[in-house]
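Please read each point with the model in view.

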Amino acid sequence: MTSMTANASPHERIALTVGPVLYHWPRAALMRFYADLADSPADTVVLGEVVCARRRELRLDDWIGLARELVQAGKDVVLAAQALVETEADLRLLEHQGEQAEFAVEAADASALQLLAGRVPLVLGPHLNIYSRAALVEHAGLGATRWVAPVELALDAIALVNPPADRVCTPAGDPIATEVWAFGRVPLSFSARCFTARHHGLAKDQCGFRCLADADGLAMHSSDGQPFLVLNGTQTQSAALQCLLGEAAALRDAGAQRVRLSPCAQGFGEVLRDFDAVLNGRAPAPLALARWPGLGVPVPFSNGYAHRRPGMEWSPS
Amino acid sequence: MIDHPPRVPKLVCPAGSLRALQCAVDAGADAVYLGLKDATNARNFAGMNFDDGQIRAGVAHAHARGAEVLMALNTFADARDPQPWFRAADKAVALGADALIVADSAVMAWCRDHHPQLRLHLSVQASATTHAAIEFYRERYGIRRAVLPRVLTIQQVAQVARNTAVELEVFGFGSLCVMVEGRCTLSSWVTGQSPNNAGVCSPAAAVRWTDRPDGGVDARLNDVLIDRYAPTEARGYPTLCKGRFMVEGRREYALEEPTSLNTLALIPQLMDIGISAIKIEGRQRSAAYVEQVTRVWRGAIDRAAADRAHYGVTPAEAAALARHAEGQQHTLGAYERPWR
């Protein structure tokens, strides 16, 4: 696990976390993606199916096998809990995630907190509603090592929830690290309903796994042609990719010791290298941003949430 | 496994104003729920909700008639100044509210530490979809009742009930969120304001109607076209998830059609499961809505309690609720889940 210090100095490395793959990629594509990550500048990799219990290209044992390989490659690995926990089978999966002792688990709802706290180290995932310092203090007591801020929380609020100079600590006295969503389509909502199946006129239980065809989600435009949202099964994402590549100073001021990069189907390796070069080196952000579309990285970009604006807005820095 | 005895669920009705509160109580509500005139509750709309004097008057009116007053404090405390949330909890105690409806662990901790006698109900905005999640909040904050998200099927509701000692409340009637409550930031993506951070969804201040040359109308939230109406089409409020959008070249209600939840026909099943309370949505609706919907539900619950075997929804009840249903449509919603 990356070491944490009480103060983020301007030169401290910002660690790179690769978030869970949120789309339904075939097994071979997932294996290729993670094999490529082994030689990437990623520090931490979050593994697991977060969106839909019906997607089973990899089972828990497969994820754990993959996790061990990534550890061999020098990566810190966290298992991801499912975001919407509804059924007894969903609860059993959480139980199994709590039975292994090798990896921390990223909790996404109170079911995970209840079943995993005290059993495995916890990461407080972006889907938990932690909007204030008092709320983070409540969750720190559960054995959490790290907090991924909710996507709609502005950087000024993140700085207040877990200030770089006065971090919330666990009962053992360890400061909690802050992670900020810095790249990728933003998961904006969850439903029990599958919108991909609905679009194809299929029932959720007989969906035919049509979402396998949408490597970056199924685009949804407004009636006048504006790219707006993306359907990803039971999850609805933004069409724009939140991108804080040009905000290294603001991220450090907010106490972000890590950034989360959410995988896309094309060009993600380059995105990782560019984030490392820009946040932790001297490379200029605009060059990278101009280059990404040519690599197949989806567009447009946004950074409104970071600045207490509508999330979809983009102001180049 | 916990065996809840069949019980007659309490009828919990919305009060966006003192007038609505009085109408609900007089029409037979067992409890009403209300919020303050600020961002501490999830119906933070201009021109509605309660100041201190109105709460006092409402509590007096309800208590004199044997009804309870529940105060919704179900948004998430602002990192810049969480004090209004804590003061609202203090106020609920001082003004005699019977329970607080809460979603934020910060607020629950405040209540646990400062008002241990205050009854806490877990808001639907806390998104507790399983008995494990409910147990999390019971063990740590002593919640006495949980309001279940509308995404669950009735089988899942029964499963939760079998595994928790906490009272359960389900939605019975009103607007339907297709997304899990407390886990949707679609509104702030477009407007900066969401149910969690501001107590609003698709806020009116961001709505823009534009006439088109063909006589039709465009409905926008900020700059995003949510729906486009032909000249003769009925127009609805542009709630973000209820608009028409293009997917693979086809224009459709990609997320949700305008529909209302209605579980009136399910009352006997909800009683068998041991549901403690049924909630009517709509603090933003008129006092007349509250009065009429409360009256229908009071009558139906009483009839089911008296003779469950012969219970059925009457045509008059169906017609009365249809008049108030958004999009003039009815659905049993996720509780039946025809789309599963």
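Predicted model: local features only at pLDDT ≥ 70, side-chain atom pairs only at ≥ 80, totals over all residues.

1. The centres of domain 1 of chain B and domain 2 of chain B, taken over C-alpha atoms, are separated by 28 Å. Domain 1 of chain B covers 10-176 + 259-335 and domain 2 covers 186-252; such bounds come from an automatic or database domain assignment. To the contact between them, domain 1 of chain B gives 10 residues and domain 2 of chain B gives 7 residues, where two residues are in contact if their C-beta atoms, placed from the backbone, lie within 7 Å. The side belonging to domain 1 of chain B comprises 4 nonpolar, 5 polar and 1 charged residues. Here Ala, Val, Leu, Ile, Met, Phe, Trp, Tyr, Cys and Pro count as nonpolar, Asp, Glu, Lys and Arg as charged, and the others, Gly among them, as polar.

2. Residues are numbered from 1 along each chain as its sequence is written, and chains are lettered from A, with ligands numbered from 1, in the order in which they are written.

3. How many residues does each chain bring to the contact between chains A and B? Chain B supplies 53 residues and chain A supplies 52 residues. Among the elements of chain B that give two or more residues to its side are α4 (105-114), α5 (131-141) and β12 (245-247). Helices (H or I, at least four residues) and strands (E, at least two) are DSSP runs, numbered from the N terminus. The side of chain B holds 29 nonpolar, 15 polar and 9 charged residues.

4. Pairing also links the two chains. Strand β8 (residues 218-221) of chain A pairs with β12(B) in the antiparallel sense over 2 bridges; two strands pair if DSSP finds at least two bridges between them. Within β12(B), B:Val247 is the bridge partner of A:Met220.

5. Helix α5 (residues 133-140) of chain A has 7 of its 8 residues buried and is therefore largely enclosed by the rest of the structure. A residue is buried if 20 or more other C-beta atoms lie within 10 Å of its own, with C-beta atoms placed from the backbone. The buried residues include A:Arg133, A:Glu138 and A:His139. Their cover includes β6 (144-148) of chain A and α4 of chain B.

How values were computed: Buried ≥ 20, exposed ≤ 12 C-beta atoms within 10 Å, placed from the backbone.
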